[in-house]
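Student: I have a structure to read. How should I start with its helices and charged pairs?

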Amino acid sequence: MAKKKTIEADLSTQEKIKEAARKVFTQKGYAATRTRDIAEEAGINLALLNYYFRSKEGLFEIVMVEKLQQLFGTIVPILNDEGTTLEKKLELVVLCYIDMLTAHPDLPIFVLSEIRVDPERFSQRIQAGKLLREAYFLKQLKERRPDLHPLHFVMNLVGMTLFPFVGKPIFQAIGNLPAKDYAVLMEERKALIPKWVQAILKTK
């Protein structure tokens, strides 16, 4: 029983540290974050943090892997599903992204800040080129629009889906919208974005 309680305490402390790291890394970025900042946010001493996680880099890697899994883990299987039409893929990707970003509003800023600081490391970590080149989605897109560079399509899709969350404070101020009304707009985009990107596929 005592051993079980110790394990549970260890897991609880580790999760508390990771939650603090997620928050501080998101607010400050990797370079400006000190392990002391994370320890203070977690409400523990620095020695205890170092006991569970030996370095800031190691802790950051854990957090980054979690964030990347949130960002790509859901959509990659959709993009590679050979039994799903291109149109259905668009609907599912937009639906998954908007639901995910609504649940994890800090995710875009965290990821984009790390892209800005170290784009090469980020690219290697997610292997974006490989994901795009090998996705069945790409084959479907080339068959539909052989004249269209896939990146144009991807940039438009990501921009329409992701940027409203990155720019949320600005758009809320422009529209004088409370959070609940902005959330309604995001729900509406689940139906609108697939229609817009399908229009891109048809436009030559």
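Tutor: Start with bends. The bend at a residue is the angle between two axes, one fitted to the seven residues ending there and one to the seven starting there. Keep in mind that this model is predicted.

Student: Where does H11 bend, and by about how much?

Tutor: H11 bends at Gly159, by about 35°.

Student: What span should helix H11 have, at 1.5 Å a residue?

Tutor: Helix H11 covers residues 150–166, which is 17 residues, so it should span 24 Å. Its end C-alpha atoms are 23 Å apart, which agrees.

Student: Which residues are buried in H11?

Tutor: First the general idea. An α-helix has 3.6 residues a turn, so residues three or four places apart point the same way. Now the case here. The buried residues of H11 include Phe153, Leu157, Met160 and Pro164.

Student: Now charges. How many salt bridges does a search of the whole structure find?

Tutor: The search finds 13. Take Asp99 and Lys190, whose side chains meet at 2.5 Å, N to O. Asp99 lies in helix H6 and Lys190 in helix H13, so the pair ties together parts 91 residues apart in sequence.

Student: Is Lys190 buried or exposed?

Tutor: Buried means under 20% relative accessible area. Lys190 has 17%, so it is buried. Asp99, at 37%, counts as partly exposed.

Student: What does Glu87 form with Arg144?

Tutor: A salt bridge, with the closest N and O atoms 2.6 Å apart. This pair links distant parts of the chain: Glu87 is in helix H6 and Arg144 in helix H10, 57 residues apart.

Key
Residues are numbered from 1 along each chain as its sequence is written. This is a predicted model: local features need pLDDT of at least 70, side-chain atom pairs count only at pLDDT 80 or more; totals for chains, interfaces and linings use all residues. Side-chain values use heavy atoms; hydrogens and water are left out. Helices (H or I, at least four residues) and strands (E, at least two) are DSSP runs, numbered from the N terminus. The expected span of a helix is 1.5 Å times one less than its number of residues. Buried means under 20% relative accessible area, exposed over 50%, partly exposed in between (1.4 Å probe, protein chains only). A salt bridge is a side-chain nitrogen of Lys or Arg within 4 Å of a carboxyl oxygen of Asp or Glu.
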